[in-house]
Amino acid sequence: MNMKNQAGLSSPLYSRLPLGFGMLLFVCLFALALPEAAFAEPREVKLNKESTPLSDEIEAGFAHLFGLVRNPGGSFDPAAVAPIIDFVDNCDADPKDFEPKRREGRGTVMRMDLDVGLRRVLEYLYNPDIPNYVIVPSVLRLSGWKEGSDILKQERGLWDRLDDLDKPVVLWGKEFESNTPDSFAGAYYFYDMFRLVVLMKHNGKNVLISVTDQDGESDVGRKGAILDDQNWVYFYSGIEGLDKGLISWMDTYMYASYSVQVFVEKEEHFTRDVLFKWLKAGWTGLNVVKRKHILEGSLRFAESFKKVLESDALPPSEELAGMIRDIRALPDAVIDEKVRSYARTFETLNKDAEPLDKSEFQAVLADGGYAKVLDREQRIGVLVLQKLKCLLGMDTYVDMCGPDGGEPKSEQCDVGATEKAAAESVQQGG
């Protein structure tokens, strides 16, 4: 699998086409093939026509951070980022109508308040054995740290550094990711990103800054579908192209993406989180991504992030990390059988779903064939997601509730409810 570039929330497209033809297609087909009604039920996003710029001091802080993200060992200046932190700390109103200066693509600002302390954020987001897709399953399908990243070399967790944070902790690394299908064109991509992580104090408050910068263009876009965004049910066909009418044949790419995410712990169990996000995507160098598309993807991110991180059902981070390690250690034969069961349930319950009514999607689903398009990393991702859903009391497509992914520990974990319903449907001829 070729995994290239950044950190994504939702991810539109960049296509290599001859300039003249690409311009013609952009002008004549884009508006026709992708009207608002064609989007995969995106959240309602309303923005002022004229955005409000951020201060020059904040923009200078962004420049400092993006100058460091690809420069391991560079000198971090706390004073340079102080205006950004102050903005986040005092961001009591919705900041959606602010727009940072363009970094190749358009930018947006999103605020979310978390009913947890910063220690909990660090325990789950920066435990190397817990991939980020576990914490934000609505926007990430796969993720992981690459060898050589500072986070893999730490003798103790970042959360333990809060106890003696007398100077900033600055870490560099690189990650791979794949997004869930976006609600802009039903596409998903593989990409790499540089990441800078800063843990510090500002005016006596604990602060976490996470910076990402996409490493080149993504792998070619593939056709996917959102079936149930609230319950994190998505389809990945493995077929190159877009899930949108007249332009479905296009080879598309994410071209550039950046983010700065700042967490300020305002109280012991209350953390303010503001995400500054930029994205450029389209074809022949033209950016077709609007601010509302970026903000809509950010809202998708926020919904699952809060749902997972604030859940009382989420086990302690080390326990969750152990569960994920156990799934990774399962023999291939066990993984394969569980994924075949998942694929059969997926087909039974979703074969008549409107997003999957295309013949090419039906060919992938037929006779449990969905399992055949998933490689080992993707199969592990499927099982880890099912484990998470079990832990949170959600319906699953395959039984992953036991300590080793087998039988449930207790009746409190209603595992495989969807799988059982599918089996009953087959028995009844449904």
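## Stop 1: an aromatic pair

Begin by selecting tyrosine 258, which is buried, with a relative accessible area of 12%. Here buried means under 20% relative accessible area, exposed over 50%, and partly exposed in between (1.4 Å probe, protein chains only). The model is predicted: local features need pLDDT of at least 70 and side-chain atom pairs count only at pLDDT 80 or more, while totals for chains, interfaces and linings use all residues. Residues are numbered from 1 along each chain as its sequence is written, and side-chain values use heavy atoms, with hydrogens and water left out.

The structure holds 18 aromatic pairs. Rings of Phe, Tyr and Trp (its six-membered ring) pair if their centres lie within 6.5 Å; planes under 30 degrees apart count as stacked, over 60 as edge-to-face and the rest as tilted. Phenylalanine 66 and tyrosine 258 form an edge-to-face pair, 5.3 Å centre to centre with 75° between the planes. Phenylalanine 66 belongs to helix H3 (residues 56-68) and tyrosine 258 to strand E12 (residues 254-267), so the pair ties together parts 192 residues apart in sequence. Helices (H or I, at least four residues) and strands (E, at least two) are DSSP runs, numbered from the N terminus.

## Stop 2

Then display tyrosine 236: which residue lies over its face? Arginine 141 does, at 3.8 Å from the ring centre. A charge sits over a ring if NZ of Lys or CZ of Arg is within 6 Å of the ring centre and within 35 degrees of the ring normal. At tyrosine 397, the charged end of lysine 389 sits over the ring, 5.9 Å from its centre.

## Stop 3

Select cysteine 390 and cysteine 401, which form a disulfide with their sulfur atoms 1.5 Å apart. A disulfide is a pair of cysteine sulfur atoms within 2.5 Å, and by this rule the count comes to one. The link is right-handed, with 105° about the S-S bond. Cysteine 390 lies in helix H10 (residues 376-391) and cysteine 401 in the loop between H10 and helix H11 (417-427), so the pair ties together parts 11 residues apart in sequence. Both cysteine 390 and cysteine 401 are buried.

Now colour H10 as a whole. Of its 16 residues, 14 are buried, so H10 is largely enclosed by the rest of the structure. At the start of H10, a side-chain oxygen of aspartate 375 reaches to within 3.2 Å of the backbone nitrogen of glutamate 377. Glycine 393, with a positive phi near 80°, follows H10.

## Stop 4: a loop residue

Finish at alanine 313, in the loop between helix H6 (291-309) and helix H7 (317-328). At 39% relative accessibility, alanine 313 is partly exposed.

Key:
Polar contact = N/O pair within 3.5 Å; in protein donor to acceptor, adjacent residues only side chain to side chain.
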